[in-house]
Amino acid sequence: MKNGGIWPDSKGVHINAHGGSLLEHEGVWYWYGENKGPGWEGRLAQVGVQAYRSRDLRNWENCGAALAVSDDPASPICRGQRIERPKVIFCRKTGKFVMYFHSANDDHSRADMGVAVSDTPEGPFQLLYVERPDRDVWPLDVSHQDKDPGIISRTPLWQDKHDAEWRFHLGKYGAVGQNFHTGQDARDQTLFVDDDEKAYHIYASEGNSTMHIALLTDDYLHHSGVYTRAFKGRWQEAPIVFKHNGVYCMMNSGCYGWLPCPAHGARAEKMFGPWFEFENPCRGRDPETGSGPGTTFNCQGACAFAVNGKQYVMLDRWNMKDFIDSRYVWLPVEFHADGTFSIEWTSECRPVEEGAGEEIGH
Ligand code: DGJ
């Protein structure tokens, strides 16, 4: 599997699981992601969340739609809506597989989180709900300014987002007060399960100006009502989270839709922060495309995964002209003594050596 190349599944078809996540369960790897269609239209969900499975992270068998789109026009996951960045975690306490995804309409004015659950990793996942989280709940780090009715009444709406004043206002004051009674907007997102089995939902909010970090309930099915904010007014999305030697690490993109841009690295002693940003963690260059750190190798982050203690990231190389032809890049993560990490380009990434696994069902 060459980074940025065609990655065929066991039937020879390029894997269709973008903005995805990887989960290992009982010796089998599962890859969940957005099933994209052809052309620019392919950004809209026609199938749902696709699942694949593998024993060696190289031979992938298509398991079909883990979460299928609905034919009901009233459903938030109706065909033609957006189902993005699906992440799946396993809850040891309940024995269930829990999927969170970003549920939106085409202009992103709807900014919900969706939660689905399944008894088996392949699914089918049952949709539990789609909503804006933390309605009538203030974050841990709420300030007087956040609650100031004068500021809240002057907070421009997402619909006015092309206005420079919107950007200035959200960058400076945020929108947690404006969203207090409606629930917080939830866009690009990921999940992280800590060593103590506590799980967190990390998502771009407040018009994408600020990242929210929410502790989940013990069954992982809901926000617990305890959440905080990180990177206030820093306009970051596509979060990837992992942990190394007790240090929490995050890599985010800037807010440019599907266009590539430099990544931001960050670290924290605690999941709820404070988070410290550091320089772009990307190093090196893809000789084929000439892309390097300035464009995250012409990619955007999808998820983190660890194999035999070694940390990797999966990136999406989006093709906005033909979404179904978007590609994948897997890169190893290197950790440094000062608590930072870096991600160096390599043309091929093999977390598991050849012959170490076998195809499922063989
Ligand atoms: C920003 C995200 O990072 C992209 O992956 C994609 O979801 C776009 N939003 C859609 O507008």
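In the predicted model, a polar atom in the side chain of Glu 84 is placed 2.7 Å from an oxygen atom of the ligand. The side chain of Arg 85 likewise brings an N or O atom to 2.7 Å from a ligand oxygen, and for Gln 300 the separation between a polar side-chain atom and an oxygen atom of the ligand is 2.6 Å. On its own the ligand has 290 Å² of accessible area, of which the protein covers 93%.

The shell around the ligand consists of Arg 82, Glu 84, Arg 85, His 108, Asp 188, Glu 237, Gly 257, Trp 258, Gln 300 and Trp 318. By class, five of these residues are charged, three are polar and two are nonpolar. Strand 5, which spans residues 82-91, supplies three residues, the largest share of the shell. The space that the ligand takes is the second largest pocket.

In one, strand 3 (residues 48-54) and strand 4 (residues 61-68) run antiparallel and are joined by six bridges. Val 49 has Leu 67 of strand 4 as its bridge partner. Six residues separate the two strands of this hairpin, and Leu 57 adopts a positive phi near 65°.

In the other, strand 11 (residues 210-216) pairs with strand 12 (residues 223-230) in the antiparallel sense, over five bridges.

Most residues other than glycine have a negative phi, and most peptide bonds are trans. Asn 245, a residue other than glycine, has a positive phi, near 45°; the loop in which Asn 245 lies runs between strand 13 (236-244) and strand 14 (247-254).

Pro 274 is located in the loop between strand 15 (264-268) and strand 16 (275-278).

How values were computed:
Residues are numbered from 1 along each chain as its sequence is written. This is a predicted model: local features need pLDDT of at least 70, side-chain atom pairs count only at pLDDT 80 or more; totals for chains, interfaces and linings use all residues. Side-chain values use heavy atoms; hydrogens and water are left out. A residue is near a molecule or strand if one of its heavy atoms lies within 4 Å of it. A polar contact is a pair of N or O atoms within 3.5 Å; within protein, one must be able to donate a hydrogen and the other to accept it, and residues adjacent in sequence count only if both atoms are side-chain atoms. Accessible areas come from the Shrake-Rupley method with a 1.4 Å probe; for residues, only the protein chains shown count as cover. On a 1 Å grid over the protein atoms alone, a cavity is a set of points where a 1.4 Å probe fits but cannot get out, and a pocket is an open set with protein on both sides within 12 Å along at least five of seven lines; lining residues have an atom within 4 Å of a point. A molecule sits in a cavity or pocket if more than half of its atoms lie within 2 Å of its grid points. Helices (H or I, at least four residues) and strands (E, at least two) are DSSP runs, numbered from the N terminus. Ala, Val, Leu, Ile, Met, Phe, Trp, Tyr, Cys and Pro count as nonpolar, Asp, Glu, Lys and Arg as charged, and the others, Gly among them, as polar. Two strands pair if DSSP finds at least two bridges between them.
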